[in-house]
Amino acid sequence: MRLRHVTVDCARPFELATFWSRLTGWPISGIDQPGDDEVLVEAPDPLPGLLFIRVPEPRAAKNRVHLDWKPDGRSRDEEVERAVGFGATIYEDHRGPEDRGWVTLRDPEGNEFCIER
């Protein structure tokens, strides 16, 4: 089998997909529009896309799974600044001496993700 999508339950699929599209540089599917109940951020092959699906209930607890990202062409700290500029918040800062460690952030709906060095 091949992993096709990583699916994220959310309240506002298009808005959350827009955040992730800006952060990753991957496009939102051309068939998806504001107000849709599911919105796909298309990743380059062979990576899985990010699929955002509207659900009625709010997020209630810590994520059981989250994504770890490694910057490509930027430093970890530059990528953290970009993410915050797009609407993420820093949740836990695990940066250490000599540029080691990672930062755990939350996207605009509170889903955790990490940016590593």
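The following paragraphs describe helix α1, its packing against helix α2, and the residue Val39.

The model is predicted, so that local features need pLDDT of at least 70 and side-chain atom pairs count only at pLDDT 80 or more, while totals for chains, interfaces and linings use all residues. Residues are numbered from 1 along each chain as its sequence is written, and side-chain values use heavy atoms, with hydrogens and water left out.

Helix α1 covers residues 13–24; helices (H or I, at least four residues) and strands (E, at least two) are DSSP runs numbered from the N terminus. After α1 comes Gly25, with a positive phi near 85°.

The buried residues of α1 pack against elements including β1 (5–10), β3 (49–54) and α2 (76–86).

The axes of α1 and α2 lie 10 Å apart at an angle of about 155°. This makes the two helices roughly antiparallel, a term for angles over 145 degrees between N-to-C directions. In their contact (heavy atoms within 4.5 Å), Phe19, Arg22 and Leu23 of α1 meet Glu79, Arg82, Ala83 and Phe86 of α2.

Val39 belongs to strand β2 and is buried, with a relative accessible area of 0%. Beyond residues up to four places away in sequence, Val39 touches residues including Pro13, Phe14 and Ala17.

Conventions. Expected span 1.5 Å × (residues − 1). Buried < 20%, exposed > 50% of the residue type's maximum accessible area, 1.4 Å probe, protein only. Axes fitted to C-alpha atoms, helices over the stretch in contact; angles between N-to-C directions. Parallel < 35°, antiparallel > 145°, perpendicular 65-115°, else oblique.
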